[in-house]
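Here's a quick briefing to read alongside the model. Keep the viewer open and follow along by residue number.

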Amino acid sequence: MSASVQADGPALAPEDARWMRHALALADRAEREDDEIPVGAVLVDAAGEIVGEGWNRNIGDHDPTAHAEIVALRAAGRRLGNHRLIGCTLYVTLEPCAMCAMAMVHARLARVVYAAADPKTGAAGSVFDLLADPRHNHRVQVHGGVLAEKAGARLSNYFRRKRGKPPLGES
């Protein structure tokens with residue numbers, strides 16, 4: 001399965017772009033407020049309510065597990081009083097890594113929608129396909145590429161600034 005193509009399950013929902021814009025705003029906060037890699041995540045329940053959100057905190061918190069997805073999943077678990085987040089959709093600006101993908105499987109998320117693919121460590125179809133692996137007792141529906149150019153440009157420009165290079169044009 002290509003990382004940006006959904007093989008089965010429901011098509012993209014009309015609100016997916018709206019929630020991804022919210023995740024992109026959280027990614028901006030990661031960089032602006034905390035000088036973290038600009039990745040944001042928002043978790044929405046089946047009724048369309050935000051139950052958790054976050055951005056990368058691993059540098060500032062000295063926590064290798066504090067990826068945006070994990071921060072959002074933890075917030076949702078506390079809010080809902082449950083480690084199972086059944087029926088929820090996670091919107092994240094970068095394809096999840098293996099750690100985050102497995103947390104999504106264990107949380108029993110319904111869907112993950114991501115923006116930019118991660119050709120080095122992506123675990124939603126780019127390098128690994130952990131979310132759809134039939135050996136798991138739960139599979140998460142995956143939709144990739146929503147506002148990918150915008151998210152990819154922000155990530156690239158973050159690293160360009162860190163290396164003292166001029167930013168690329170953002171879409």
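Arg108 sits in the loop between α3 and β4 (111–116), where helices (H or I, at least four residues) and strands (E, at least two) are DSSP runs, numbered from the N terminus. Keep in mind that this is a predicted model: local features need pLDDT of at least 70, side-chain atom pairs count only at pLDDT 80 or more, and totals for chains, interfaces and linings use all residues. Residues are numbered from 1 along each chain as its sequence is written, and side-chain values use heavy atoms, with hydrogens and water left out.

- Phi of Arg108 is near 65°, a positive value in a residue other than glycine.
- Arg108 counts as buried at 19% relative accessibility (buried means under 20% relative accessible area, exposed over 50%, partly exposed in between; 1.4 Å probe, protein chains only).
- His62 also has a positive phi, near 55°, and isn't a glycine either.
- You'll find His62 in the loop between β2 (50–55) and α2 (68–80), and His62 is exposed, with a relative accessible area of 72%.

**Confidence**

- The average pLDDT (the predictor's confidence in each residue, from 0 to 100) is 92 for the protein, and 92% of the residues score at least 70.
- Over residues 1–9, pLDDT stays under 50, and the model has 18 contacts for them beyond four places in sequence; contact means heavy atoms within 4.5 Å.

- Met104 lies in helix α3 (residues 98–107) and is buried, at 0% relative accessibility.
- Leaving aside neighbours within four places in sequence, Met104 is in contact with Glu69, Leu73, Leu90, Pro96, Leu109, Val112, Leu131 and Val140.
- Take Val140 from that list: Met104 and Val140 are 36 residues apart in sequence, yet 7.5 Å apart in space, C-alpha to C-alpha.
- Ala27 belongs to helix α1 (residues 16–34) and is buried too, with a relative accessible area of 1%.
- Not counting residues up to four places away in sequence, Ala27 touches Pro38, Val39, Gly40 and Thr93.
- Between Ala27 and Gly152 there are 125 residues in sequence and 11 Å in space, C-alpha to C-alpha.

**Rings**

- The count comes to one aromatic pair, with this rule: rings of Phe, Tyr and Trp (its six-membered ring) pair if their centres lie within 6.5 Å; planes under 30 degrees apart count as stacked, over 60 as edge-to-face and the rest as tilted.
- That pair is Tyr158 with Phe159, edge-to-face at 5.1 Å centre to centre and 85° between the planes.
- Tyr158 is buried at 5% relative accessibility, while Phe159 is partly exposed, with a relative accessible area of 30%.
- Arg18 lies over the face of Trp19, 4.3 Å from the ring centre; the rule asks for NZ of Lys or CZ of Arg within 6 Å of the ring centre and within 35 degrees of the ring normal.

**The largest pocket**

- The largest pocket is lined by 21 residues, and Ile37, Leu94, Asp118, Thr121 and Phe159 lie nearest its centre.
- On a 1 Å grid over the protein atoms alone, a pocket is an open set of points where a 1.4 Å probe fits, with protein on both sides within 12 Å along at least five of seven lines; lining residues have an atom within 4 Å of a point.
- Helix α4 (residues 148–162) gives the most to that lining, with four residues.
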